[in-house]
Amino acid sequence: MLRIEDLWVRYGTTEAVRGITVEVAAGEAVALLGPNGAGKTSTLRAISRLIASGGKVFFDGADITGTAPEEVARRGLIHVPEGRHVFPDLSVHENLQIGTTARRGRKDGYSFDDVYDLFPMLARLRDRLGYMLSGGEQQMVALGRALVGAPRLLLVDEPSLGLAPIVADAVADALIQIRSRTALFVVEQNVHLALRVCGRAAVMSNGVIVLQAGAAELHDRDALLSTYLGQQATGTGA
């Protein structure tokens, strides 16, 4: 479904991502773990073509390295960025409607009713404006907006960031349901949440991939994870 080969991202003389190679198969959920500054967000932004990069990005067998971001989304590679970016002056339902612009005739996506079933809280808030929503509600809207665009692969950046543990757990539960229909590539600092959602993970540090393994194996390697991630490997916070 997705393969990035020898991916580089540079900001001036700073190398944020240094020649990484990662794959996500159809129907798979993969986590990209690492501390702040590891290059995780830059990796997602390069995949969705929001920033320039070296190396190659392949989606569904096609080289999309030179493709415009809006075309990437219309092909079904949809990015839920860190920070949610909900439109503050639009209602919950209007925010969801904007997501359909990426659908391009694909009929296997999520309906508005599917989103409201996944996030019942949003059904009660469908007329509330974006600026009135809590961080958790905004995260649900951002995920729902991506889902109605009929993603074939969903890139999700730090879904638990800034959320209370009970809300982060609710978002994780939703992602577990989503993965049964849609491939996921999830950037996350909360290791236990990420490994609960994803069956495999790559650990990133200083712009490179230092470890790739299955979730069960990583659960048994807390000491090694701690070398790269510090207390996030054994803690439960976001």
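Helices here are DSSP runs of H or I with at least four residues, strands are runs of E with at least two, and both are numbered from the N terminus. Arg49 sits in the loop between α1 (40-47) and β4 (54-59). One caveat before going on: this is a predicted model.

Let me stay with Arg49. Its phi is positive, about 70 degrees, and Arg49 is not a glycine. Is Arg49 buried or exposed? Arg49 counts as buried, because its relative accessibility is 9% and the cut-off for buried is under 20%.

Now step back to the helix that Arg49 follows. How many of the 8 residues of α1 are buried? The count is 6, so α1 is largely enclosed by the rest of the structure. The buried ones are Lys40, Ser42, Thr43, Leu44, Ala46 and Ile47.

Keep Lys40 in mind. It comes back with Glu158. Glu158 is in the loop between β7 (153-157) and α7. Glu158 is buried, and it has no salt bridge. Which side chain of opposite charge is nearest to Glu158? That is Lys40, 4.0 Å away. So Glu158 and Lys40 are both residues to look at on screen: Glu158 is buried, and Lys40 is among the buried residues of α1. Glu158 does have a polar neighbour. A polar atom of its side chain lies 3.2 Å from the backbone nitrogen of Gln189.

There is another positive phi to show. Ala150 has a phi near 60 degrees, and Ala150 is not a glycine either. Ala150 is in the loop between α6 and β7. Its relative accessible area is 0%, so Ala150 is buried.

Next, salt bridges. The whole structure has 10 of them.

Pair one is Arg200 with Glu28. Their closest N and O atoms are 2.8 Å apart. Arg200 lies in strand β9 (residues 200-205), and Glu28 lies in the loop between β2 (14-24) and β3 (29-33), so the pair ties together parts 172 residues apart in sequence. Arg200 is partly exposed, at 21% relative accessible area.

Pair two is Arg152 with Asp60. Here the closest N and O atoms are 3.0 Å apart. Which parts does this pair tie together? Arg152 is in the loop between α6 and β7, and Asp60 is in the loop between β4 and β5 (62-63), so the parts joined are 92 residues apart in sequence. Ala150 is in that α6 to β7 loop too. Arg152 is partly exposed, with 28% relative accessibility. Asp60 is partly exposed as well, with a relative accessible area of 45%.

The N to O distance is 3.8 Å. Arg181 is in the loop between α7 and β8 (183-188), and Asp114 is in helix α4 (residues 112-118), so this pair links parts 67 residues apart in sequence. Arg181 is partly exposed at 47% relative accessibility. Asp114 is partly exposed at 29%.

Then the network. Arg3, Glu5 and Glu23 are linked by salt bridges.

The largest pocket has a volume of about 540 Å³. It is lined by 21 residues, and the closest to its centre are Ala73, Ile78, His79, Ala102 and Arg145. Which element gives the largest share? That is α2, with 5 residues. By class, the lining has 13 nonpolar, 5 polar and 3 charged residues.

The second largest pocket has a volume of about 150 Å³. Its lining has 14 residues. Nearest its centre are Phe119, Met121, Met140, Val167 and Ala170. At least two lining residues come from each of α5 (120-124), α6 and α7 (165-179). The most come from α7, with 6 residues. By class, this lining divides into 10 nonpolar, 3 polar and 1 charged.

Terms used:
Residues are numbered from 1 along each chain as its sequence is written. This is a predicted model: local features need pLDDT of at least 70, side-chain atom pairs count only at pLDDT 80 or more; totals for chains, interfaces and linings use all residues. Side-chain values use heavy atoms; hydrogens and water are left out. On a 1 Å grid over the protein atoms alone, a cavity is a set of points where a 1.4 Å probe fits but cannot get out, and a pocket is an open set with protein on both sides within 12 Å along at least five of seven lines; lining residues have an atom within 4 Å of a point. Grid points are joined across faces, edges and corners, and a volume is the space filled by probe spheres set on the points. Ala, Val, Leu, Ile, Met, Phe, Trp, Tyr, Cys and Pro count as nonpolar, Asp, Glu, Lys and Arg as charged, and the others, Gly among them, as polar. Buried means under 20% relative accessible area, exposed over 50%, partly exposed in between (1.4 Å probe, protein chains only). Lys and Arg count as positive and Asp and Glu as negative; His and the chain ends are not counted. A polar contact is a pair of N or O atoms within 3.5 Å; within protein, one must be able to donate a hydrogen and the other to accept it, and residues adjacent in sequence count only if both atoms are side-chain atoms.
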